[in-house]
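This report looks at how two parts of one protein chain meet. It then turns to single residues.

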Amino acid sequence: MKQTGDEMQDVGIIGLGCYLPPEKITNSDLEKLVDTSDQWIITRTGIRERRKASQEVASSDLGVEASKVAIKDAGLNPEDIDLIITATITPDMAFPATACIIQDKIGARNAAAFDINAACTGFVFAINVAQLFVSTGTYNNVLVVGAEKLTSIVDWTDRSTCVLFGDGAGACIVGKSKDRRIISSFMGADGSGGHLLNLPAGGSRLPATEETVKKRLHFLKMEGNEVFKVAVRIMAEAASNAIKKIGLECNDIDLLIPHQANIRILMAVAKRLGLSEDRIFMNIEKYGNMSAASTAVALVEASQENRVKKGGNVVLVAFGGGLTYGATVIKW
Ligand code: UT7
């Protein structure tokens, strides 16, 4: 039966899992492809290596592996999942949704399934949507997946972008729980900045032609400097909005888990929020930017590394193409 507002359920993260494909691309590997250096990449981005899925692997395959771990971690069976939301900008294909492909592959035959396209903010948006479905009593167990094969849309001749991105997937189960409880969320968008970070061709605006392929319009494009400036301001604002909505201050954040775009962005966001480095979770060194999978994998690893004590306030915050931005506060 549908719940009324007075009967809202406590909603938490009841299972977590991630999957990183084994092949690594190091900075010295990239030195052989484009005019770059290990030193430039480390000092300007903080990235040492990133993962690359093999040619036959698609985002759904990465998502399936992460989902299986998360479902097991929650002590559930695939049939117990009511809804799958997959956040990705590298779907297996334009349609069907990658969430439907994952549903079939894991045997979650009782689940509805759809994708969210909010680029790097996708996992945060998806958790926030899942929280609403569970809090109203519509669904009990929602599988949220961030899965990306960004190496399939990176232009390996463009040194300003190809050094940044990698492949991976993270997943969580959002369900009824008083532990790791989702206590606040914030979401925003600014479509006027869409041109700063996009993949121009292959949609209805510019369907694939010989010319779009020749012009390399099927690869990710980014105006890095502009994106950098917005990212610092907007991630700090999103985290601050989500925490202040529930009467807390930025100083009450025990661990900030930001989208892993650039170590300099993370340090600048921390500074704006007045947080010391030990309260920022970072794994960018190992994986680079995995778009929607970044915050997902970071949440899983922060949990595995016991970075937060019970009762601590964790803030997931992200920013990305759209432009989109958002945050989620979890009472650990
Ligand atoms: O996930 C979505 C959100 N994405 C982001 O938030 C990414 C935000 N942007 C960034 O992280 C940074 O802007 C980049 C890492 C992309 C670029 O760093 P930057 O410090 O802003 O460099 P820049 O674009 O200002 O370029 C500085 C110089 C240029 O050379 P000149 O014109 O000064 O001679 C670039 O051509 O660095 C050059 N450069 C490189 N040099 C060696 C750009 N990429 C490279 C490279 N290796 N890979």
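In this predicted model, 44 residues of domain 1 are in contact with 42 residues of domain 2, where contact means heavy atoms within 4.5 Å. Domain 1 covers 5-177 and domain 2 covers 183-331; these bounds come from an automatic or database domain assignment. The C-alpha centres of domain 1 and domain 2 are 14 Å apart.

Residues are numbered from 1 along each chain as its sequence is written. Local features need pLDDT of at least 70, side-chain atom pairs count only at pLDDT 80 or more, and totals for chains, interfaces and linings use all residues, while side-chain values use heavy atoms, with hydrogens and water left out.

The size of an interface is often given as the accessible area lost when the parts come together. Domain 1 and domain 2 bury about 3,500 Å² between them, and 65% of it is on carbon and sulfur atoms. Buried area here is the accessible area (1.4 Å probe) that two parts lose on being put together, summed over both.

Across the interface of domain 1 and domain 2 there are 17 residue pairs in polar contact, with both residues at pLDDT 80 or more. A polar contact is a pair of N or O atoms within 3.5 Å; within protein, one must be able to donate a hydrogen and the other to accept it, and residues adjacent in sequence count only if both atoms are side-chain atoms. On the side of domain 1 that touches domain 2, several elements each supply at least two residues, among them strand 1 (11-19) and strand 7 (167-176). Helix 5 gives the most to this side, with six residues. Helices (H or I, at least four residues) and strands (E, at least two) are DSSP runs, numbered from the N terminus.

The two salt bridges across the interface of domain 1 and domain 2 follow a rule: a side-chain nitrogen of Lys or Arg lies within 4 Å of a carboxyl oxygen of Asp or Glu. Two residue pairs are listed below with their distances.

| Pair | Interaction | Distance |
|---|---|---|
| D155 and R216 | salt bridge, closest N and O atoms | 3.0 Å |
| T121 and T324 | polar contact, side chains | 2.7 Å |

T121 is in the loop between strand 5 (112-116) and helix 5. Is T121 buried or exposed? T121 counts as buried because its relative accessibility is 0%; buried means under 20% relative accessible area, exposed over 50%, partly exposed in between (1.4 Å probe, protein chains only). Leaving out residues up to four places away in sequence, T121 touches A318, F319, G320, T324, Y325 and G326.
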